Amino acid sequence: VTDVHAPTSKAAPKSEAAELEGEATRAFGTGPAELAERGSGGTSGPSGTGAGWGRWAWRQLTSMRTALILLFLLALGSVPGSILPQQGADPASVTQYFQSHPGLAPWLNRLGLFNVFASPWFAAIYLLLFASLVGCVVPRTFKLVGSARTPPPRAPRNLARLPLSVTYPSALAPGAAVDAAASVLGGQRFRLRRPAAGDAGQWVAAEKGYLREVGNLLFHLSLLGVLLSIALGGLFGYKADELLVQGQTFSDSTAQLAEFNPGRLVTGSDLAPFSLTLDNFTADYINSGASMGQPEAFNAGVTYTATPGGTAKKDDIQVNHPLSVDSAKVYLIGHGYAPVFKVTGPNGAAYNEATPFIPADTNSMLSDGVVKAPGASLGFEGVFVPTEYMADGTIESIFPAANNPMVSLIGYTGNLGMNSDAPQSVYQLDTTQMTKISGSPHLMSPGSTWKLPGKLGSITYVGTKQWVSLAITYDPGQIPALVCGMLSLAGLLLSFFVRRRRVFVRAAPAPGGIGSIVTIGGLTRTDASGGFEDEFASLASDIADASSPGAAPSPAAEPATAPDPNKTEPNKTEPNKPEPNNQSETGA
Amino acid sequence: VFKGPAVFRAKRRTVVTTAAAVFVLLAAALVVTVVTQGSGDASANMVAYRVGQRPAAPEFTASSLTGTPINFASYRGKVVVLNVWGSWCPPCRGEGQTLKYLDEQYGPEGVAFLGDDIEDTPTQALSFLRGEGITYPSVNDSNGAVEQRLSLAVPISGTPTTLVIDKTGHIAGMIDGAVTYPEVTTLLRDAGVTK
């Protein structure tokens, strides 16, 4: 009896099929895939008025196509951020890049490519994307709420034209046959709709899979949540960098940080008021084999106090093992050597400090740096090598650990240009008003002193310390963004795996006068996970069983589920009510 | 009926329109971002706090560059010019003579001058002070603890920053960047010093 046939809409005349689909699929699917359909209407030109142009621009901006283009631009914009060294993450490498590409670097800098994620053009992309997504998601959320609350549509006239349909004769009268079908569908947790008072025909429309809309809603709301979390991080978070030499202490405040990138609503007094001392730093390198000289492990032993005057605690900061202090995180992002120099001029001691040198080559740790002793009118440009090796009169380093450290200095005397308002890099010596002391670089080992000619003074290379660069970050949006990301994934999966499906049952009086002809039609829009045909077949056979009196499991079951046609909530059934007197089709 | 080319043409027009719209929006957003970013730096570099709204200056004890103990509580009852500086910072070196002159002018009037030398070593700092002939003391604040306490009271963005603290221990105003003579005398007048 059950005769499930393949999509019949192919055989049906095109216009009718389209009409049918239009009714039966009303507000059916609103999955993420359909989002892509948005915006195709946005290409119709704007009307001449300013408001028209505004509406047109808004429609363009909030179209999914624009959002996708912006997302692509965002990804494209991040590329230079990962290829070129970034000021925020690794200022030392930026300095190095400027030295090795003196022609190109200023141009890249003008385009903001050394600080991509803070550059105006990058901000423009993500702000537009933000506006686009919010403009797209908010109205969509309201639509989804509406869609999740909509009852099933009325049963189409000709169910045989639906993709899946079955027709069978029943011994029951049309009303009773539909009631039986409704109780089967209701038992399967379908949402039901029966004809309203005055509607012609005996039918029931049933729909299931509203969880798909819940998933969709969850996806969209979580997407908004992700955006809000990012905004939260951008407004209240901050990122800062500091270079710290072994034995030195720094206190977290704007003036002491080498680099401070606050969020829009962050001021210096919002910084976590901790202080941190670098007690020791060790870098382990592979000693032999093909990967000799590769770093194995870094460890920075620190002592910190979370608040001024608080108790001191010890911790180890390693790569991917940051220090958490007062909701901020302190990451180890770089390291280098800081040779200690003492400079004495004609007027006495002028300089005594561990001077950070910046690695020019991270494999050999050959590093560059300057010593500025304006009190002695002396300045030095230096090269530091941790494991010295002379190759054709050029100083090289053959291993990154400080096994045989040496410095090579070029001395200058004169005005260092430091008594002016113009800021100067502490890693660069302005030699425009200075004269070179000696022709060739002076090579020094730890403990040695270079007596400068004339009465200029002397410089002593006391020893070597190490420095680390630390990134201090605070992002209040991190955890909410993670949670929202996971929720949006869950919502997406729900909306992918749950199918919205509709089953319609119509009964008409049988030509013989006794019993009825029952037609069951089934429809699903997104059959991504398959299986609807099987579900439909089993439902159809259940309905057929229920509406054949002989096969009914209990005689009381059938009249027990008579519907109240005046109720607007059609899926609520009231038991033990006599069958309503439906004006038509109550045959025999 | 073969309608391929027309469809393609329509599609291309759509793509061009969208690309143009995206470009225009991007350009507009860029202009807005650049304009709003630039406006942040235009603020004046001097802040004066009204009486009653003056932040309290923090208490601290520290030692000077020469090793003498400094207890800031003992400055209470005096107007203090507190200069946050470092010998490595060119504008701090540049303002040295102005501060020295102000010290000579206002020291006899009872105004106390105090430096807070951050991220520095005493050798470099004293070498600079000797060269400039500056005689007022400076806190040896190489670990920045004093500066951090100050920055929790008022927004110090970098070196040099100069605070003028009134006789009750409240901050009358501050100067961000190298000081000028009129700026300091204005804040001193606010703090009740007339000369």
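## Ground rules

Two strands count as paired if DSSP finds at least two bridges between them, and strands (E, at least two residues) and helices (H or I, at least four) are DSSP runs numbered from the N terminus. This is a predicted model, so to speak: local features need pLDDT of at least 70 and side-chain atom pairs count only at pLDDT 80 or more, while totals for chains, interfaces and linings use all residues. Residues are numbered from 1 along each chain as its sequence is written, and side-chain values use heavy atoms, with hydrogens and water left out.

## A run of strands in chain A

β7 (residues 275-285) and β8 (residues 295-305) of chain A pair up antiparallel over ten bridges, with A:Tyr285 bridged to A:Pro295 in β8(A).

β8(A) also runs antiparallel to β9 (residues 312-317) of chain A, joined by six bridges; here A:Thr305 has A:Ala312 as its bridge partner. Six residues sit between the strands of the β8(A) and β9(A) hairpin, where A:Gly309 takes a positive phi near 80°.

Counting contact as heavy atoms within 4.5 Å, 39 residues of chain B touch 47 of chain A. In chain B, α1 (4-39), α2 (90-94), α4 (122-132) and α5 (145-153) each supply at least two residues of that side, and α1(B) gives the largest share, twelve residues.

What about salt bridges across the interface of chain B and chain A? The rule (a side-chain nitrogen of Lys or Arg within 4 Å of a carboxyl oxygen of Asp or Glu) finds zero.

Key
Chains lettered and ligands numbered in written order.
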